[in-house]
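Dear colleague,

Please find below the structure that I am handing over to you. My notes on what was found in it follow directly after.

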Amino acid sequence: MVIIESAPNGGEDEDTSTQINVVESNSSSIKSTEETNNDGFETASEGDGAREEEEEEPVLAPSPSNEELQQKALSEANDAKTEGNKLFRSAQYEDALLRYELALQVAADMPASIEIRSICHANRAACFSNLGRYEETIKECNKALELNPAYMKALIRRGEAHEKLEHFEEAVIDMKKIVELDPSNNQARRSIVRLEPLAAEKREKMKEEMIGRFGMSIDNFKAVKDPTTRSYSLSFQK
């Protein structure tokens, strides 16, 4: 015969019940976690890992200001001009022309670049002069003087180019402008003394050619001074 003893105060039953509940609770928790994993949802540990892998957005550098861009362009233009000067001193005039042209393109249309542009035009004029291309010398000097009307070197080079092309009137005008800017420039004064008779002789020769061609009197011609270029031209009068 089996004798069953009951636990006093039902305490054993309570412990057992508590243990069962704990197991069931743990089992339920595990089951819940497994179901979450099986359904593809993010677990707590996975969520922490994802947050650790997040990267901050890069901070973009501020765009350079207009002044900074101009300073950079001026620096590049000055470098090109310096290279052109080196080539010029080595008598590589064609290559020097390209470097001066690059400097002009880089520094184009900036108020702060007036000086370097006028220098580059005058230097290109010097290159053309050494290559015997005097018409182009005059054009470059004109551009330099538009930027800097008192640019002495440009005036001298243009006057010399005019003389080479026998534009004696124009050469005299440039030399007089030089004396006006620099009264102590004796070389320009001597050039004026030398060039004025040549200019007068050329005017007379032109008159004689016109008379011989059309049978007109010398009294029908008058030398007219251009107020802009300050050069003279012959005007026919009836």
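Helix α5 (residues 114-130) has 17 residues, and the distance from its first C-alpha to its last is 25 Å, close to the 24 Å expected at 1.5 Å a residue. Helices here are DSSP runs of H or I with at least four residues, strands are runs of E with at least two, and both are numbered from the N terminus. The expected span of a helix is 1.5 Å times one less than its number of residues.

Before I continue, two remarks on the source. This is a predicted model, in which local features need pLDDT of at least 70 and side-chain atom pairs count only at pLDDT 80 or more, while totals for chains, interfaces and linings use all residues. Residues are numbered from 1 along each chain as its sequence is written, and side-chain values use heavy atoms, with hydrogens and water left out.

Overall composition

The protein has 9 helices and 2 strands, in the order α-α-α-α-α-α-α-α-α-β-β from the N terminus on. Of its 238 residues, 26% are buried; buried means under 20% relative accessible area, exposed means over 50%, and partly exposed lies in between (1.4 Å probe, protein chains only). The protein exposes about 16,800 Å², of which carbon and sulfur atoms supply 49%; accessible areas come from the Shrake-Rupley method with a 1.4 Å probe, and for residues only the protein chains shown count as cover. Among contacts (heavy atoms within 4.5 Å) between residues at least 6 apart in sequence, 42% join residues at least 24 apart.

How many of the residues of α5 are buried? The count is 12 of 17, so that α5 is mostly covered. The buried residues are Ile116, Arg117, Ser118, Cys120, His121, Ala122, Asn123, Arg124, Ala125, Ala126, Cys127 and Phe128. They pack against α3 (66-89), α4 (93-106), α6 (134-147) and α7 (152-164). Just after α5, Gly132 takes a positive phi of about 75°.

A disulfide is a covalent bond between the sulfur atoms of two cysteines. With a disulfide taken as a pair of cysteine sulfur atoms within 2.5 Å, the count comes to 0 disulfides.

Helices α3 and α4

Helix α3 has 24 residues, which should span 34 Å at 1.5 Å a residue; its end C-alpha atoms are 35 Å apart, which agrees. Its buried residues are Ala73, Leu74, Ala77, Ala80, Lys81, Gly84 and Leu87, and what covers them includes α4 and α5. Just after α3, Ala91 takes a positive phi of about 65°.

Helix α4 has 14 residues and reaches 20 Å from its first C-alpha to its last, close to the 20 Å expected at 1.5 Å a residue. Tyr93, Ala96, Leu97, Tyr100, Ala103 and Leu104 are its buried residues. They cover an arc of only 120° around the axis, which puts them on the same side of α4; the arc is that of the directions from the helix axis to the C-beta atoms. An α-helix has 3.6 residues a turn, so residues three or four places apart point the same way. On the other side of α4, Leu98 and Gln105 are exposed. The cover over the buried residues of α4 includes α3 and α5.

A search of the whole structure finds 1 aromatic pair. The ring centres of Phe88 and Tyr93 are 5.3 Å apart and the ring planes lie at 65°, so the pair is edge-to-face. Rings of Phe, Tyr and Trp (its six-membered ring) pair if their centres lie within 6.5 Å; planes under 30 degrees apart count as stacked, over 60 as edge-to-face and the rest as tilted. Phe88 counts as partly exposed because its relative accessibility is 25%.

Arg158 is found in helix α7 and is buried, with a relative accessible area of 18%. Leaving aside residues up to four places away in sequence, Arg158 touches Ile138, Cys141, Asn142, Leu145 and Asp174. The C-alpha atoms of Arg158 and Asp174 are separated by 7.3 Å, and the two residues are 16 residues apart along the chain.

Arg194 lies in helix α9 (residues 186-214) and, at 39% relative accessibility, counts as partly exposed. Its C-alpha atom is separated by 9.1 Å from that of Val172, 22 residues apart along the chain.

Yours sincerely
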